[in-house]
Amino acid sequence: MESVGGTESEAPSCKIEHLENDSVVQEVLQNGTDLRQYSRQVEKELKEVENKSIQDYIKESQNIVSLHNQIAACDDILERMESMLQSFQSDLGSISNEILSLQQKSCTMSQHLHNRQAIRGQLNQFIEEMVVSDSLISIVNDTPVTDKEFLAQLKILNHKLSFVRDQSTKEVRACQDVKDVLEKLKIKAVIKIRAYLLEQISKFRKPMTNYQIPQNAILKFKFFYEFVLTHERAVAMEVCTEYVNTMSKVYYSYFNSYSSELMKLQYDECATKHDLMGTEDSAKSALFSKNSTYKQKSTIFSIGNRGEVLTSQLEAPIIVPHSAHKNDARYPFEAIFRSLQYALVDNACREYLFLGEFFMLKPSSALNIFSQVMDKTLNLLFKNLETYVDHCYDTIALFLCAHLAMRYQLLCHKRAVPALDQYWDLVQACIWPRFEFVFQLNIKSIKNCDPWKFNKEMKPHYIARRYAEYSSALIEISEEFPHELVTKLLAQLLEETHCFLLRMAAIFTTRKEQLIFLINNYDLIITTLMERTRENSKEVDNFRANLHARNMEFAEEILSPHFGGMIQYVKEEEMSGDKKQSEEMKKLENKQLAIVQPFVTSWKKSLDSIRNEVLSSFPNLVTGANLLQLTLTQFVEYYHRFLKLISLNARNQIPNIHYMMVEIKKYKTNFN
């Protein structure tokens, strides 16, 4: 009620606002016109207008009738058009239904056509698979197996046989029509293939035959074996067995002959149990005689160019015995071993890959067949190696052979051939124990060596030279393939060699001679080791530390006869370090003058004598020059310390340190 009332109260106010905005009302209000009179005037005017309108309608009555008639006629026309359009709409609906019907019929017909075409294609394919053409029959029966056409038709025959076999399981009657024909063609093809493969295998037995040629020829027709394996397994097994038996004999015969011929090329004179590191250099040994063929190549203690079997010669062509005999060539055992093992690697890798490819074998099956082919040969080679190793005293040869086995095993792995792994393990197991045994013999020979049976010479000892060359060879090769056994044996050898050098030094009567002997030997060992090994190797560090200690001791020893008083005084005074009383100082000054006076007259002559003695004591001029420099440096240090300890009176009687250093530089040599 309140809302309605509110609306009714607001309406007059809205109308009043509207009238106030009207221009006519505003004019009336402004002129002060009487509204009632104005209202009567307006009504009169409206009445007059109405009368005029009626008159106008009466005047146009005929036209209005005509217009009414026209409108009625239009209604009739529109009604007829509506009926026509409705009829047309009905016709269009029927046409649309007919189109949908035709579309459905078209889809059905298209599907029928597609199904018929599919069936027709399958039927054509089936008929094509089943039909045995005349060309297939004639080529399989009459064409040689090496002809390309035969191989092509054999693949077609293989396909048809497989297809008919599959369809027979589905009880397709059409298979009976061609089954006999295909079976006869299969038998004919198997017979021809069997004859061809056995003929090719028989070619391996011919003497002086390069069996890689028939092997490559067979590999071109590996589908033959696949066909036989698929359709006549017994024949496939016969071919495989024949191949295995033939190649087993071929490889055995080849490597037996090749191995025996190679061993004839070995040096006539080999290391014996008397050729050990501690053996006297003057001993009657073929290895060290002037006429030794073996020594002309290298000794058993230095590697020389023998290490090339592990580098440039690792995959070099094998030795041809016939050519070697013509050239009167001779080889160390490791070269013969390398040639034999590399021939084995080449042949075994090729054979393993051929077996897997031609006979379509899995890795496990390929290893089994490979063993049947190569076991006799591998046993032969291992027995020959075992026989040689049991009597071998050449540790470098054994060491090189062991590393050759490791490298060839890696080479086989690079070629994806694991078939020789067991063989390489046996080779290693055969070589390393013998290597350790002979190595220990060399260590014992040094340990049991009597120093008193050698001449008293301060030059490098031949045992030190042997040790340096031998250990550097083993260390250099072991850096790429470290071996725990070698590391242990080298440590024992180092210890025994060092002990021998100390025992050998003890036969000299003076300490100076002992030091010269040790320095010469240490220097030789370090120089030889550094030529082939790292500068920070364990052996180099060991002897370098000993050499430094002996050098310092030698410098003291060589200075003592000439400047012993000065050196002794410096040591005593520096050791006491107490402040002296005036009487003691006077006594000390007298002692200092007793040292200074002969020093002034003889120091240059003493330095000349030291220089000559040092340089004449060491055959290595660089070593002598270094020791001279060390000795002079030590002298300058003592002299400087001496100047600090003596009185001013004594100090004024001898040259100052600067003058002394200038004079010392004159003794420096240029051998570095």
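Modeller: E663 is buried, at 10% relative accessibility. Its side chain meets that of K666 in a salt bridge, 3.1 Å from N to O. K666 itself is exposed, with a relative accessible area of 58%. One partner is thus under the 20% cut-off for buried, and the other is over the 50% cut-off for exposed. Keep in mind that this is a predicted model.

The pair belongs to a wider set. A search of the whole structure finds 22 salt bridges. Side chains of opposite charge can pair when their charged atoms come close.

Take K222 and E357 next. Their side chains meet in a salt bridge at 3.1 Å, N to O. K222 lies in helix α9 (residues 222–231) and E357 in helix α13 (residues 333–358), so the pair ties together parts that are 135 residues apart in sequence. K222 is partly exposed, at 34% relative accessible area. E357 is partly exposed too, at 38%.

K383 and E386 make a local pair within one helix. They sit 3 residues apart in helix α14 (residues 363–389), about one helical turn from each other. E386 counts as partly exposed, with 28% relative accessibility.

Some charges go beyond a simple pair. R306, E334 and D394 are linked in a network of salt bridges.

Two loop residues deserve a check of the backbone. Most residues other than glycine have a negative phi. D328 has a positive phi of about 55 degrees, although it is not a glycine. D328 is placed in the loop between α12 (321–326) and α13. At 58% relative accessibility, D328 counts as exposed. A416 also has a positive phi, near 60 degrees, and it is a residue other than glycine. A416 is found in the loop between α15 (395–414) and α16 (421–447). A416 is exposed, with a relative accessible area of 52%.

How values were computed:
Residues are numbered from 1 along each chain as its sequence is written. This is a predicted model: local features need pLDDT of at least 70, side-chain atom pairs count only at pLDDT 80 or more; totals for chains, interfaces and linings use all residues. Side-chain values use heavy atoms; hydrogens and water are left out. A salt bridge is a side-chain nitrogen of Lys or Arg within 4 Å of a carboxyl oxygen of Asp or Glu. Helices (H or I, at least four residues) and strands (E, at least two) are DSSP runs, numbered from the N terminus. Buried means under 20% relative accessible area, exposed over 50%, partly exposed in between (1.4 Å probe, protein chains only).
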